[in-house]
Amino acid sequence: ADISCPNLEFGECCYWEIDTGQMCEYTDDFTCTNTYNGTWYQGFPCGCHDCDPIETGACCYPEVCDWVCVINTPQECSALLGMYYPNLSCADINCPNPEFGECCYWDADLGQMCEYTDDFTCTNTYNGTWYQGFPCGCHDCEPTGACCYMNEAGEMHCAIMEYKPCIALPQGTFYGVGSTCDQVVCCPPVGACCIKGNCLLTSSQQCGAVGGTFGGNGVICANVTCYFCAPDFNNTGAVDINDLLQLLAAMGVCP
């Protein structure tokens with residue numbers, strides 16, 4: 001007569017724990033609602049209600065280059081990077097879905113990429129290569145192509161390699177997957193060329209044709225100082241008889 005059995009201030013609290021899933025705590029309504037964000041059943045001990053009402057279904061997820069199907073929650077399936085099928089069993093689905101697969105394609109800015117998609121999208125949207133049923137990472141999405149780059153001698157050279165190593169080389173330019181060195185022209189190397197106090201990036205031949213001073217293959221304008229002496233017409237760094245002869249040769253009627 002001196003107690004209340006059960007204590008109506010306490011009851012069963014069903015709540016969700018991220019790491020362990022559905023849990024139950026025997027506590028009061030306030031703690032259940034505000035601390036555990038759970039559902040409270042006044043006067044009941046734990047085990048009297050289904051504390052696992054969360055929806056489950058088939059989850060098809062990639063494991064290395066194969067697929068595995070398990071029954072779990074949407075949250076658990078998402079953590080596995082899988083495809084979730086609510087209220088279905090593994091026997092009810094195709095795992096993997098034969099309509100999807102690994103799509104290797106070329107992106108002008110990022111290089112070789114992979115997208116898990118259907119054959120039509122891979123072919124028509126990404127212009128890629130499709131591997132039915134495979135998740136990304138199962139095939140080499142980094143094939144080779146022609147690469148023009150500057151070698152240690154300062155000369156432009158062509159070699160077959162992958163995209164990322166190519167663009168890491170000096171003046172490396174990748175010409176696309178499947179391209180060959182026979183199909184590309186590696187332009188002559190360029191460097192800083194001083195022309196009457198100004199600097200331009202040109203080849204040594206172009207610099208010499210305009211009477212400039214070439215700073216070397218691969219040298220950029222930020223690393224050179226272009227001096228300009230107005231009487232030095234031929235840009236040799238000295239004023240001499242040759243400059244006078246060039247001036248005399250230019251004398252005449254100015255149109």
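Is Cys60 buried or exposed?

Modeller: Happy to! Cys60 is buried, with a relative accessible area of 0%; buried means under 20% relative accessible area, exposed over 50%, and partly exposed in between (1.4 Å probe, protein chains only). Bear in mind that this is a predicted model, where local features need pLDDT of at least 70, side-chain atom pairs count only at pLDDT 80 or more, and totals for chains, interfaces and linings use all residues. Residues are numbered from 1 along each chain as its sequence is written, and side-chain values use heavy atoms, with hydrogens and water left out.

Cys60 forms a disulfide with Cys95, their sulfur atoms 2.0 Å apart (a disulfide being a pair of cysteine sulfur atoms within 2.5 Å). This pair links distant parts of the chain: Cys60 sits in strand β4, while Cys95 lies in the loop between β6 and β7 (100-107), 35 residues apart. Strands (E, at least two residues) and helices (H or I, at least four) are DSSP runs, numbered from the N terminus. With 90 degrees about the S-S bond, the link of Cys60 and Cys95 is right-handed. Cys95 counts as partly exposed, at 27% relative accessibility.

Strand β4 also holds Cys59, which is linked to Cys77 in helix α2 (residues 74-79), 18 residues apart. Cys59 is buried at 0%, and Cys77 is buried at 1%.
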